[in-house]
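Subject: Structure handover

Hello,

Here is the structure I said I would pass on. My notes on it follow below.

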Amino acid sequence: MNKKPARRRAVAKKTWHLHCENASSMSEVFAITGERVKAALKRHPKLKGKLKVTLGEDGNIYDKAMRTADFLFGWHFDRKDLPRRAPNLKMIHMHGAGVNHVMPLNWLPKGCVLTNSRGVHGPRAAEYLIMALLMLNNRLPEMVTHQRAARWEQCYASVITGKTLLVIGVGQIGGSAADWAKKFGLKVIGTRRTGKPHPSVDKMYKSRDLRKLLPQADFVMMCVPATDHTKHLLGKKEIGLMRPGTGFINYSRADLVDYEALRKRLVKGELTAILDVFNPEPLPSSSPLWKTPNLIMTPHCSSDDSIHYTPRTLDVVLSNIERIVAGKKPTSVVDPKWQY
Ligand code: OXD
């Protein structure tokens with residue numbers, strides 16, 4: 001795939017075209033509205049008079065917009081035959097961080113890069129994750145289980161300071177959770193593909209070391225992107241390695257974890273968990289997870305800030321357009337090999 005932006009055309013072109021594709025099935029949080037676009041353009045005065053923006057929903061003007069669009073911003077859009085339908089596309093920005101739903105990238109036109117919203121979730125994601133850690137440490141999943149059964153059972157807990165958190169996948173989100181965990185005096189161990197150190201992680205390991213780390217943790221936080229390389233990263237074997245009393249958080253994607261193996265240990269009262277992601281979503285009412293003890297579920301709303309998420313993402317999109325217009329490479333480019 002040719003990753004280079006079309007520099008020569010960039011200099012020659014007078015007006016660029018960004019098409020924003022909305023999906024009515026998605027929450028207001030993700031709505032790319034005229035108001036939000038107008039406000040974002042004010043924050044990017046360099047693009048004044050240079051950028052035409054069209055807003056569509058559920059494909060209503062998609063075909064026409066694709067004929068002239070240089071940039072596309074959205075989450076659900078028709079990917080069929082894009083090279084023919086969208087001959088000028090240089091960048092597609094996905095309105096999220098996990099882009100597993102559009103893999104493999106064999107539909108991406110040549111010369112067009114895919115970018116994602118990595119880094120946009122940071123502050124909100126860290127807040128959720130630290131809340132989840134404190135809930136696990138304070139044994140909230142067990143207390144909620146007792147409450148549902150109208151059972152008075154006191155669950156005493158000790159302070160979180162000095163306990164060990166394992167962050168699986170220390171990227172932007174895992175890293176900001178680690179920053180907070182250090183403030184609470186936790187020992188943080190982490191894994192990442194490269195094994196590159198992080199200032200808030202006491203000891204960083206490579207992903208292949210996971211099995212030896214799982215039995216050391218009081219809390220395990222899953223922050224890895226879902227790719228072909230990470231499916232069931234926490235399989236039955238790995239789930240079995242978590243010692244009794246471990247609190248588990250999955251914040252990334254459900255396919256990374258064998259939920260049935262996890263559920264069995266939750267039912268036995270050996271683990272507690274907070275899960276934000278499921279497969280499928282919405283989770284059908286027939287799923288046994290709804291009634292699983294020692295589990296608190298949040299319906300995949302942990303990280304997208306209800307006010308700031310789309311405005312911040314628009315800032316990433318417009319900054320990248322500025323870069324492309326100036327003949328520079330955009331940031332947050334998804335690597336087709338690693339799929340994030
Ligand atoms: C994302 C998400 O991928 O919120 O951004 O799940």
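The domain bounds used here come from an automatic or database domain assignment. Please keep in mind that this is a predicted model.

Domains

The assignment divides the chain into domain 1, covering 16-120 + 305-325, and domain 2, covering 122-297. Taken over C-alpha atoms, the centres of domain 1 and domain 2 are 32 Å apart. Domain 1 gives 8 residues to the contact between them, and domain 2 gives 6 residues.

Ligand site

Which residues are around the ligand? They are Gly96, Ala97, Gly98, His121, Arg253, His300, Ser303 and Asp304. By class, this shell has 1 nonpolar, 5 polar and 2 charged residues.

- Ala97 has a backbone N or O atom 2.7 Å from an oxygen atom of the ligand.
- Arg253 has a side-chain N or O atom 2.8 Å from an oxygen atom of the ligand.
- His300 has a polar side-chain atom 2.6 Å from an oxygen atom of the ligand.

As for cover, the ligand taken alone exposes 210 Å², and 88% of that is buried by the protein.

Second largest pocket

A word on the approach: rolling a probe the size of a water molecule over the atoms shows where empty space is left. The second largest pocket comes out with a volume of about 270 Å³. Its lining is made up of 20 residues. Leu136, Arg139, Glu142, Gly245 and Thr246 are the ones that lie nearest the centre of this pocket. The lining of the second largest pocket divides into 6 nonpolar, 8 polar and 6 charged residues.

That is what I have on this model for now.

Regards

Note on methods: Residues are numbered from 1 along each chain as its sequence is written. This is a predicted model: local features need pLDDT of at least 70, side-chain atom pairs count only at pLDDT 80 or more; totals for chains, interfaces and linings use all residues. Side-chain values use heavy atoms; hydrogens and water are left out. A residue is near a molecule or strand if one of its heavy atoms lies within 4 Å of it. A polar contact is a pair of N or O atoms within 3.5 Å; within protein, one must be able to donate a hydrogen and the other to accept it, and residues adjacent in sequence count only if both atoms are side-chain atoms. Accessible areas come from the Shrake-Rupley method with a 1.4 Å probe; for residues, only the protein chains shown count as cover. Ala, Val, Leu, Ile, Met, Phe, Trp, Tyr, Cys and Pro count as nonpolar, Asp, Glu, Lys and Arg as charged, and the others, Gly among them, as polar. On a 1 Å grid over the protein atoms alone, a cavity is a set of points where a 1.4 Å probe fits but cannot get out, and a pocket is an open set with protein on both sides within 12 Å along at least five of seven lines; lining residues have an atom within 4 Å of a point. Grid points are joined across faces, edges and corners, and a volume is the space filled by probe spheres set on the points. Contact means heavy atoms within 4.5 Å.
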